[in-house]
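Here is a short tour of one protein model, with a look at a strand and its neighbours and then at some aromatic rings. Have the structure open as you read.

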Amino acid sequence: MGIPLYNRDLSWLSFNYRVLQMAADQQVPLYERIKFLSIFSSNLDEFFRVRMPAVLTINKVLEQDPAAGENESISSSTLSEVLQEINRQQQEYGQIFTGSVLPDLLARGVQLYYNQPLTAAHQAFTKNYFLSTILAYLQPVWLNGKPKKPFLENNALYFAVTLIPDKHPESQEYAIVNIPASLPRFLQLPSMDGAHYIAFLDDIIRTHLAYIFPGYTVDNCHSIKLTRNAEMDMDEVKVDILEEVETFIRKRELGVPTRFLYDATIPLPLLHFLAGQFDIRDDELVPGGRYHNLKDLADLPAPTGLTQTSYPRVAPAENKTAAATDRLLDLVLQQDFLVHLPYQRYDYVLRFFSEAALDPDVAEIYVTLYRIASGSQIAQALISAAKNGKKVIVFVELKARFDEANNIRWAKKMKDAGVKLIYSIPGMKVHAKTALVKRNRGYQWDYCGLIATGNFNESTARFYTDHVLFTSHTGITREMELLFLYLQSREQPRAYDFLQFEHLLVAQFNMTERFTSLIDREIKHAREGKPAYVIIKINNLQERGMINKLYEASEAGVQVDLVVRSINCLVADIPESRKIRIIRIVDRYLEHARVFIFHNNNQEEVYMGSADWMNRNLHRRIEVCVPVYDNTLRQQLKDIVQLQLKAPRHAQEAINTYVQNIM
């Protein structure tokens, strides 16, 4: 089909702009708005580390061969389009911060020094802090143009300083000074006249630079930051994968530049000198403001006494079914149940692993871990299980971007305890969220399974919306066992094409085909005049085949409702999508669950799992989705998604109320 797709990079930037809009929303508590500013900045940094390298590559291709843009494999966005959108958003960011957030802080008696000098009274305080604390962390480097160039750390903050020697005032010299990331970015200063004052670490260093360069006059000082390509190709690691991934992590910090962010007031001679010094190309030069790394705003101190500046604390609800039992594994054998995160307590997932580690009848535990919490109780329970003599097999995805080092650390700990580790499959990531416990009761084996839409990670479970299915369904758990047998082989899926999954939808085996057939059935019903609809809730929608299938469904008369948090490449408001409604939810929690609902002529089928509809998820990962067979649990998922479709702006509040009342 020749129906256009919305560009992936611009779609992602559209999502980040929605995050920025939350910072402008006066209904959002003040410090939560500041957090959204932080999230926006963090997201944009990741864009330049991960997505921008592809944009730069495509730009080079189009410069050499403009006709290549007609190839569907080439993104239609140009570098200028991307940079123009980023610049527009950054301009609005500045307007929100200076025109709304800072005045609102001031109205509450909090003054954040921003683009203004510290008062004399505060300079005396900061001088002592600078000399006693900051000075030990500073590492000034002279830029003298010699072949050995100083190294700028990835996304670290620096000052580019122009200096005039006292003995030769007609000349200039340049140096860079690091802004230490190991120190707090903000410092609370002494209160004056009942007002609270906060200063950037940057401004404290800027104010006292003269102490670093005796015999020189500081002519000017401008902030700079270099972002490097973090999209390392780890698909071909084959031998000692743990060692190779550790090498890749080190190499990533040496990646080629993708953005040199600089204070836009910097003199052109200094900018050109820096570009030459660090091998920065023109298309990598990005003007910015006086302060960079505003993701640190998440750590802005809230002085004592401020009220109503954050969301009111909401205690996660009990899952009444699970809370009423002392033996969670026995309960799973009796009935399936769902835990809805973060609206309900994560304790039940932790209990599942802890009970399995201590239950004398549990013989085997299998689990896939994609992003492990830094203080993971789950990993600790698996260590205890292995030390208790149980067979524990853990698939650790060492290629989980930006979590590789933490995953490696836990992998080593588990291996030392006797856990059998399975590492990444070459050329493929395992993104499935599954766990299986086998108990030996005489001549009988009991199977208890977990399948989730999000990682087994108690840290992210506090603010990611996800669903976790506890099940002992015979067909599902037996197929989970087959999946773990396959994972232990570390072979490519085509070598195991004899695996037949009837219940589970497993990417690389049957997922794309099953989703396609489920939509085809709705198309058939619509053409027969029967009710037909599809509801898809995912994080990203980009894979062309599935998008074309949704267009086809719309043209056949199927009502398609999409809840897509981030990337959405399906084009709305064209004839082919007239029956498609798309909403995006950005709120207190990060929407993360994947749910798929098919009407099936009033016999609805509901699935949940780990898979987004992107090329990488459907074609380069092992993903798992599971049918929800229990009528009550199906209804829970349907009700939650309907609340999101009905009132996206207030959906999370409504879901919290709904979940509190689930029996």
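## A strand among its neighbours

A residue is called buried when its relative accessible area is under 20%. Keep in mind that this is a predicted model. With that cut-off in hand, let's turn to strand β12, residues 391–396: five of its six residues are buried, so the strand is largely enclosed by the rest of the structure.

Which strands pair with β12? One of them is β11 (residues 362–369), which runs parallel to β12 and is joined to it over six bridges. Within this pairing, Leu369 has Val396 of β12 as its bridge partner. To get from β11 to β12, the chain passes through helix α11 (residues 377–387), and this β-α-β crossover is right-handed. Strand β13 (residues 420–422) is also parallel to β12, with three bridges between them. Here you will find Val394 opposite Leu421 of β13.

## Two aromatic pairs to visit

There are 29 aromatic pairs in the whole structure. Are they buried or exposed? Trp12 has a relative accessible area of 7%, so it is buried, and Phe15 is buried with a value of 7%.

Next comes the pair of Tyr113 and Tyr197, which counts as tilted because the planes lie at 35 degrees, with 5.9 Å between the ring centres. This pair links distant parts of the chain, since its members are 84 residues apart: Tyr113 is in the loop between β1 (110–112) and α4 (120–132), while Tyr197 is in strand β6 (residues 195–200). Tyr113 is buried at 1% relative accessibility, and Tyr197 is buried at 12%.

Finally, where do arginines sit over aromatic rings? Arg88 places its charged end over the ring of Tyr17, at 4.5 Å from the ring's centre. Likewise, Arg259 is found over the face of Phe48, with 4.2 Å to the ring centre.

Definitions and conventions. Residues numbered from 1 in each chain as written. Predicted model: local features only at pLDDT ≥ 70, side-chain atom pairs only at ≥ 80, totals over all residues. Heavy atoms only, no water. Buried < 20%, exposed > 50% of the residue type's maximum accessible area, 1.4 Å probe, protein only. Helix = DSSP H or I, 4+ residues; strand = E, 2+ residues; numbered from the N terminus. Pairing = 2+ DSSP bridges. Right-handed = clockwise from strand over helix to strand, strands pointing away. Phe/Tyr/Trp six-rings, centres within 6.5 Å; stacked < 30°, edge-to-face > 60°. Lys NZ or Arg CZ within 6 Å of the ring centre and 35° of its normal.
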